Amino acid sequence: MEIWRWDRFFEVWPYIGEGLVTTITYTLLGSVVAYVLGLIFAVVRQLRIPVVDQILWGFIEFVRSTPLLVQVFFLFHVLRPELLSGTGVDLSTQRLIVGTAAVGIHYACYTSEVYRAGIEAVPRGQWEAATALSIPGMRVWTGIILPQAVPRVLPALGNYTIAMFKEVPLLFTIGVLDIVFYVKTVFASDVGGAGPEAWFAAGLTFLALSYPCSLLVRRLERRVGTV
Amino acid sequence: MFDNFDIYLDRILLGLPATLWAVFGGIGLTIVLSFAAGIGLLSPRRWVRIPVRVYVEGFRGSSEIVQLFFFAVALSIFLGIPLAATPLNALMIGIMVLGLNHGSYGAEIVRGAVQSVPRAQHEGAVALNFSPAQRMWRVLLPQAVVEMLPSLNNLFIQLVKGSALLSLIAVPEMTKKADELRAIPAFAQDLWMIYLTLLVFYFVISVGITWIMRLLETLAAARVGRPIPSREKALARGGAA
Amino acid sequence: MIRFDNVVKRFGDLTVLEDLNFSVTPGEFVCLIGPSGSGKTTILRLLMTLEKVTEGTIYVEGRPLSHMDRNGSLTPADEKYLREARKTIGMVFQQFNLFPNMNVLRNVTEGPIRSLGKSRDEAEQKAKELLELVGLSDKLTAKPGQLSGGQQQRVAIARALAMEPRGMLLDEVTSALDPELVTGVLHLLKDIADSTDITFLCVTHEMQFARDVSDRVMMFDSGRVLEDAAPEKLFTDPDHERTRGFLHAVLDRA
């Protein structure tokens, strides 16, 4: 077998293009889940409710310390049959739900740390002034604390979206039609095996998208500062 | 309900050695590459800095899974050995990719930590007429180590998690062994137990690594006389992304 | 208006206030002076419910601040009761603590709208009057970050007044200001004190100001009231050697 085939290198691009849309879709939806759920985790933890706080802390530590791949297997092969099988939702939608939930929850356990740092970076005087003005608790969060905390955490959230983008491909293991699926399965069966040139092209695709994004995040970091 | 638990446990334990080899081999390679590339990034010479920068950005920017498939395919063609037939080769490739990938992240950690050492320390070393190499090894790195340990801890846990991906190139590690049970219909109703046990194994490995790193942090901080930075802080900045 | 009844405040092993008893009558302007760490600021923070008393009771307008009367027996205050109690009292902080994400007008209207339940129109009308009073009617849409320290503190004063408090707590309001801005803010406070019947409790290191505006000055040392007298008496003929020493030290510095 030849070690490097340029013709294959050029042939693989349409396949990558097919999968790229899926990869980006999952990344964006997963990010939305991670941003929202992470914020909820952070606020709930800030309230320091006994028992709830410890359980949430344990959950976050556990999820952060164990492989996303196995978590995906667990959600897809254990929870999905229980929760989604009888609902009439078709399988590709089930994959979308499970896939975005898995990456979303996994990354929420990281973004919650980001938000927490952002919230703690808001000076204590802001809480005290809000108390002195008798502003109700909910309004203190939505009107004063979060508007100050969120801009500062945007770069870090962006970093996690970029990290997620590079990890979404493992969802091919549950049949999500992403870049890796197209290269490994569709392209490979069309040409009789995906060689290194095809994988190199896939890697270049990830690099071409994630590198400019990290540069943007770094610029944003310089503008709004870090937490 | 727990009738077959012994079977599952045995199965996962069967994959434990490969996982541990992957994790500790990967960490070893990561440390070497992190320091080599991290110091390379600080080099005043462009012909050192530029190739190192290409390595770092290349591996950070492209996906670990893609890298795994790339090296698995490329090396099996290059060496002329079918990969699946030789688990040991697959493991070697796995360790290599884990090391190369996480080494690129580690390089930025090392570079950042060295740069965070107060300028006065650097100037003090110059005043003592230390050579550039002496400045790096005797003054800057020992202090930077305290700063980088929490971030390296996060990185090593990333690596533990990444080791599960080796199941995709047929390395007989824990995830691979556990997932093979899914094909057996009799075990279908116990899948939750199998995966949860598997997750607990990874959790214990991660906690063990954190425990060792904390110990090192305490030792290093005491030696250098600097406070220990927190691991959460590193995560809050966007972690290893 | 305000009464401290055997109040003790400890942070861990550190006793900040020791068995403190004093009261302030409505309309009075009382200055608290004394060395740093003598517990003056803690008194204001207790009144604003930013801290809890360790022992004893604080009464504001006859009602205990930390406990509420439920069917004749005293029970620890809940958040609702506290929020009600805080409406009586406004506070101006050393570091201003303006909300940086809101413009000047919003900073002043936020409290009245959210906690007094005023309409936006009514709150803005009132806020504009107050900002005119503090001399900032041209800065309504500016963000706090665009203002000087002196201007920020004026906004903070307007913000506290917008709550229509019957008591005002001033916590070293000029300490964070550049020297040339101090006089303006102090003049403003004196004008407000003269033209309203708000009760003031003021922690300050500005002895001239304390002498000019206050009805009474309390000298603190190590968590106790060392001396409690009219300004003329305290500044010219203090009873305690410790007070004399403190005044000398402060005046020498100025």
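Visitor: What ground rules apply here?
Guide: The model is predicted, with local features needing pLDDT of at least 70 and side-chain atom pairs counting only at pLDDT 80 or more, while totals for chains, interfaces and linings use all residues. Residues are numbered from 1 along each chain as its sequence is written, chains are lettered from A in the order in which they are written, and side-chain values use heavy atoms, leaving out hydrogens and water.

Visitor: How many helices and strands does chain B have?
Guide: Helices (H or I, at least four residues) and strands (E, at least two) are DSSP runs, numbered from the N terminus. Chain B has 9 helices and 0 strands, and its C-alpha atoms fill a box of roughly 75 × 40 × 25 Å along the principal axes.

Visitor: How do I read burial, and what percentage of chain B counts as buried?
Guide: Buried means under 20% relative accessible area, exposed over 50%, and partly exposed in between (1.4 Å probe, protein chains only). In chain B, 53% of the 241 residues count as buried.

Visitor: And contacts in chain B: what share comes from residues 24 or more positions apart?
Guide: A contact means heavy atoms within 4.5 Å. Among contacts in chain B with a separation of 6 or more, residues 24 or more positions apart account for 79%.

Visitor: How large an area is buried between chain B and chain A?
Guide: Interface size is often given as the accessible area lost when the parts come together. Here buried area is what two parts lose on being put together, summed over both (1.4 Å probe). Between chain B and chain A that comes to about 4,000 Å², with carbon and sulfur atoms giving 74%. On the chain B side, B:Ile77, B:Lys161 and B:Leu199 lose the most area to chain A, together 15% of what that side buries. The contact takes 43 residues from chain B and 49 from chain A.

Visitor: How many salt bridges are there between chain B and chain A?
Guide: A salt bridge puts a side-chain nitrogen of Lys or Arg within 4 Å of a carboxyl oxygen of Asp or Glu. The count between these two chains is 0.

Visitor: How far apart are chain B and chain C?
Guide: They do not touch, and their nearest C-alpha atoms are 22 Å apart.
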